[in-house]
Amino acid sequence: MKKILFILLTIFMGASMAADAKKLVIYYSRADENYDVGTIAKGNTEIIAEMIAAKTGAKLLKVEPVKEYPKAYDECIAVAKKELAADARPEFKPVNINPEEYDEIYVGYPVWWGEMPMPMFTFFEKYNLKGKTIHPFVTHEGSGLSGVARLKKVTGANVTPGLAIYGHVAQNERAKAEKDLDKWLK
Ligand SMILES: Cc1cc2nc3c(=O)[nH]c(=O)nc-3n(C[C@H](O)[C@H](O)[C@H](O)COP(=O)(O)O)c2cc1C
């Protein structure tokens, strides 16, 4: 009887610890004019980030650059290209969540010139996420899952296989995006 009680207690504690694992979604996303979607009110990556938070109970942390990117797509890609070439570190607004307190972190960004947008580098260089588990997800318009090698390098985290969703699918075909997301979350 004692043995059964012990086993039950162990199972119960294990389940509640798994549910308690602190989960966080860190993401960057830009609204305004973008490729293949016109001018949008909510960024493509943000749509996926919010779905993940709703499905996993994770908190949301949005990385917001101090200096906004241009609203026009052509201007934005020109600025982003220069930043990548310069290996710039654009500042981001202060956040009220400390990502170092989380165990399991979903990291989302739009692929920009084959990499993460540069404010993500500024962000990850500020915090120590070495040894944490990171699940990367991106939205893109053809490059697929890009930028993960540098995400791994800058965080030193255990990066698991990522998810890539077309931006226009996240924006305009949410049921399809959700199906891909559910598969990945499993
Ligand atoms: C500055 C910039 C650079 C981009 N570079 C790429 C790229 O290299 N490869 C790609 O597939 N899509 C690229 N795109 C498209 C975005 O990755 C795509 O539209 C994404 O869904 C935007 O997400 P967001 O709305 O969350 O910012 C680029 C878009 C912008 C604005």
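**Fold, core and ligand shell of the predicted model**

Leu 181 is found in helix H7, residues 174-185. Helices (H or I, at least four residues) and strands (E, at least two) are DSSP runs, numbered from the N terminus. Residues are numbered from 1 along each chain as its sequence is written. The model is predicted: local features need pLDDT of at least 70, side-chain atom pairs count only at pLDDT 80 or more, and totals for chains, interfaces and linings use all residues.

Leu 181 counts as partly exposed because it has 19 C-beta neighbours inside 10 Å. A residue is buried if 20 or more other C-beta atoms lie within 10 Å of its own, exposed if 12 or fewer, and partly exposed in between, with C-beta atoms placed from the backbone. Leaving aside residues up to four places away in sequence, Leu 181 touches Ile 48, Met 51, Ile 52 and Leu 163. Contact requires C-beta atoms, placed from the backbone, within 7 Å. Leu 181 and Met 51 are 130 residues apart in sequence, yet their C-alpha atoms are 8.4 Å apart in space.

The protein chain has seven helices and eight strands. Of its 186 residues, 33% are buried. Among contacts between residues at least 6 apart in sequence, 77% join residues at least 24 apart. The average pLDDT of the chain is 93, and 89% of the residues score at least 70. This score is the predictor's confidence in each residue, from 0 to 100. Over residues 14-18, pLDDT stays under 50. For these residues the model has zero contacts beyond four places in sequence. Where pLDDT is low, the predicted coordinates should not be read in detail.

The largest nonpolar core holds 38 residues. Such a core is a set of buried Ala, Val, Leu, Ile, Met, Phe, Trp, Tyr and Cys residues joined through C-beta atoms within 7 Å. Val 25, Ile 26, Ile 48 and Met 120 touch the most other members. At least two core residues each come from strand E1 (23-27), helix H2, strand E5 (104-110), helix H4 (118-126), strand E6, strand E8 (163-166) and helix H6 (167-172). Val 25 touches Ala 49, Ile 52, Ala 53, Ala 58, Leu 60, Leu 61, Tyr 106 and Gly 108, not counting residues up to four places away in sequence. In soluble globular proteins, nonpolar side chains tend to be buried together.

The ligand is surrounded by 23 residues. The closest are Gly 43, Thr 45, Pro 110, Thr 139 and Gly 167. Helix H2 (44-56), helix H3 (73-86) and strand E6 (133-140) each supply at least two residues of the shell. H3 gives the most, with four residues. By type, the shell residues divide into nine nonpolar, 11 polar and three charged. Here Ala, Val, Leu, Ile, Met, Phe, Trp, Tyr, Cys and Pro count as nonpolar, Asp, Glu, Lys and Arg as charged, and the others, Gly among them, as polar.

H3 has 14 residues. From its first C-alpha to its last, H3 reaches 20 Å, close to the 20 Å expected at 1.5 Å a residue. The expected span is 1.5 Å times one less than the number of residues. Asp 87 follows H3 and has a positive phi, near 50 degrees. Ala 72 lies in the loop between strand E4 (59-62) and H3. Ala 72 counts as exposed because it has 12 C-beta neighbours inside 10 Å. Ala 72 and Thr 39 are 33 residues apart in sequence and 8.7 Å apart in space, C-alpha to C-alpha.

Ala 41 occupies the loop between strand E3 (38-40) and H2. Ala 41 is exposed, with 8 other C-beta atoms within 10 Å. Ala 41 and Gln 171 are 130 residues apart in sequence and 10.0 Å apart in space, C-alpha to C-alpha.

Most residues other than glycine have a negative phi. Asp 32 has a positive phi of about 70 degrees although it is not a glycine. Asp 32 sits in strand E2, residues 32-34. Asp 32 is partly exposed, with 16 other C-beta atoms within 10 Å. Trp 113 also is not a glycine and has a positive phi, of about 50 degrees. Trp 113 is in the loop between E5 and H4. With 16 C-beta neighbours inside 10 Å, Trp 113 counts as partly exposed.

Conventions: A residue is near a molecule or strand if its C-beta atom, placed from the backbone, lies within 6 Å of it. Two residues are in contact if their C-beta atoms, placed from the backbone, lie within 7 Å.
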